[in-house]
Amino acid sequence: MSSPAQTPAASSSAEQYVVPRLDDVATWREAEWPVLKNDLVLRAARGEETERAGVWVMRQAGRYLPEFLAVRKDHSFFECCQTPSLASALTLQPIDRYARLDASIIFCDILVVPQAMGMEVLMEPSKGPVLPAPLVTPADFARLRTGVDVQKELGYLFEAIKLTRRGLAGRVPLIGFCGAPWTLMAYMCEGGGSKTFEKSKKWLYMYPEETKALLRRIADVCADLLVGQVLAGAQMLQVFDSWAGELTPYHFQTFALPALLHISHKVRSVLAQVGHPGVPITLFAKGVHAASSLGLLADPAATGYDTLGLDWTLDPVEVRAVVGPKVNLQGNFDPVILYGGRDGIAREVERMSARWKQAGGGWIANLGHGITPNVKPEDMGWFLECVHKYSARA
C-alpha cells in the first residue's frame, strides 16, 4: 500500500442544506440525560489513544442471545424495529448482559430507509430481506416518495433512542446509524441480497446519471434520519456501506463516495444550523481495500467521517500507512474468532491487539462484520474480556 491519496475536494460542504422538519429541532436542548460514565469509545473517536480499546460489536443485539429470541418469538422483525419499547428493550439486552461492552447501538435495520421512500420490504426467515417490487429502470423512480418526511415515516426510531438513553442510565454511549446509499440502492434494485449484484451494478453502466440522482435522493433521507437520531439523543453515528466492496475503485469513487460525503456534510451542516455541537461519525465501507479509495477517506476535516471501520481482511498497520494519522480506525476481528474456543479467541485477540497498538491512533475495537447467530453468549463474553486485557496500553 502506498501513501495517502489526495483528499477529495469538499465541494458539497459549501452547499446550503435545508433543516428537515423534525420535532426535536426545537426541543433537543431541553432533554436531560443521565451523566455518561464511560466515554472510552467517544474519546477514541476524537483521536485519543485510550488506556485500552473501547469495544462494541456490530449486531450485538441479535439472534445469538436467548433473550433476543424470546422477544422475537412473539413479534415480527419490523414490528421490533418500529415499536419503540421493543427496539429499546432489544438494544439494552447486550448492555445488561455484558458489563464489558463500551457502547450501545440502537436496534433497527438499514432497510427502513427504502420503506420510508415508499418501497415494501419484507423480512423472510429463510431468505432475509425481500423487496417484492424492485427498481428495474429509472422509470420506477415514479414509485418513490419525493420529499420524504422522516419525522412521519421514521419517528418511531427517534422515540426508541429517547427510551434507550434513559434505559442506559449513562452506562455507555448510544450509537445511531443508517445504511449507505449504494448499499441501499443495491437492495432496492436487486429485490434483496445478491451474490453477483448484476441488477444493481448494471445501473452504473446503463444509467450513470440516473444512478447518481437516485443515490443523492437516498443520501438526503439518510442524512435527515441521522440528524433526527442525534437530536433524539444518539451520541455517535455509523454509516454502513456493506456492499461497497462490490464496486471497482473507480465506481466506488464515482458513485458511492459522493453520496457518502453528501450525508456527512449535510448532517454536520444541519446540526450546526440548529446549534448542536455534533457527534463523531464512523464510516464502515466493507470491502474497500484499494489504496486510492482509502486515501480519499484519510482526512476527517474533508470527509466528515472521524473513524473508518475496517473489515477483517485488512491489516490495521497497512491501513494506517495509507490513511495517515488523522482518521481513527475501528475493527476488525474476524467474526469467526468467536467460534475459536477460549484459547483460540485469546491468542487472536492478543495478536491483533499488538497490530492495532503498532498502528497507533484512535482505535475502537469491533468485529470486522456483524456477530453471527450461532455464537455462544459465553464466547462473546470471553471475547470482550480478552479485548479488555490485551488492548490495554502500557
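**Entry 1: charges over rings**

I began with Lys 212, whose charged end sits over the ring of Phe 255 at 5.7 Å from the ring centre; I count a charge as over a ring when NZ of Lys or CZ of Arg is within 6 Å of the ring centre and within 35 degrees of the ring normal. I note at once that this is a predicted model, in which local features need pLDDT of at least 70 and side-chain atom pairs count only at pLDDT 80 or more, while totals for chains, interfaces and linings use all residues. Residues are numbered from 1 along each chain as its sequence is written, and side-chain values use heavy atoms, with hydrogens and water left out.

I placed Phe 255 in helix H10, where helices (H or I, at least four residues) and strands (E, at least two) are DSSP runs numbered from the N terminus. Phe 255 counts as buried at 6% relative accessibility, the classes being buried under 20% relative accessible area, exposed over 50% and partly exposed in between (1.4 Å probe, protein chains only). I also looked up its separation from Asp 39, which is 216 residues in sequence and 35 Å in space, C-alpha to C-alpha.

**Entry 2: helix packing**

I next asked how H9 lies against H10, and found that helix H9 (residues 208-232) and H10 pack at an angle of about 30° with their axes 8 Å apart; the axes are lines fitted to C-alpha atoms, for helices over the stretch in contact, and the angles run from 0 to 180 degrees between N-to-C directions. H9 is therefore roughly parallel to H10, given that angles under 35 degrees count as roughly parallel, over 145 as roughly antiparallel, 65 to 115 as roughly perpendicular and the rest as oblique. By class, the contact of H9 with H10 has 15 nonpolar, 3 polar and 5 charged residues, with Ala, Val, Leu, Ile, Met, Phe, Trp, Tyr, Cys and Pro taken as nonpolar, Asp, Glu, Lys and Arg as charged, and the others, Gly among them, as polar. The crossing of H9 and H10 is right-handed, a label for a near helix turned clockwise from the far one by less than a right angle, with anticlockwise giving left-handed.

For helix H4 (residues 84-97) and H6, I read axes that come within 8 Å and cross at roughly 40°, so H4 and H6 are oblique to each other. H4 passes H6 in a right-handed crossing.

**Entry 3: aromatic pairs**

I found 11 aromatic pairs in the structure; rings of Phe, Tyr and Trp (its six-membered ring) pair if their centres lie within 6.5 Å, and planes under 30 degrees apart count as stacked, over 60 as edge-to-face and the rest as tilted. One of them joins Phe 68 and Phe 107 edge-to-face, at 5.7 Å centre to centre with 65° between the planes. Because Phe 68 belongs to helix H2 (residues 66-72) and Phe 107 to the loop between strand S2 (104-105) and helix H5 (112-116), the pair ties together parts that are 39 residues apart in sequence. Phe 68 is buried at 3% relative accessible area, and Phe 107 is buried at 6%.

The rings of Phe 197 and Trp 243 form a tilted pair, since their centres are 4.9 Å apart and their planes stand at 55°. Phe 197 sits in the loop between helix H7 (181-190) and helix H8 (198-206), and Trp 243 in the loop between strand S6 (236-241) and helix H10 (249-273), so this pair ties together parts that are 46 residues apart in sequence. Phe 197 is buried at 1%, whereas Trp 243 is partly exposed at 21%. I also noted that ring pairs link Phe 68, Phe 77, Phe 78 and Phe 107 into a cluster.

As background, most residues other than glycine have a negative phi, and most peptide bonds are trans. Phe 197 has a positive phi of about 55° although it is not a glycine. Ala 169, also not a glycine, has a positive phi of about 55°; Ala 169 lies in the loop between helix H6 (150-168) and strand S5 (174-179) and is partly exposed at 33% relative accessibility.

Which residues are joined by a cis peptide bond? I found Gly 331 and Asn 332 joined in this way, with omega about -15°, and Asn 332 falls in strand S9 (residues 328-333).

Lastly, I checked H7, which is mostly covered, with 10 of its 10 residues buried, among them Trp 182, Tyr 187 and Glu 190. Just after H7, Gly 191 takes a positive phi of about 85°.
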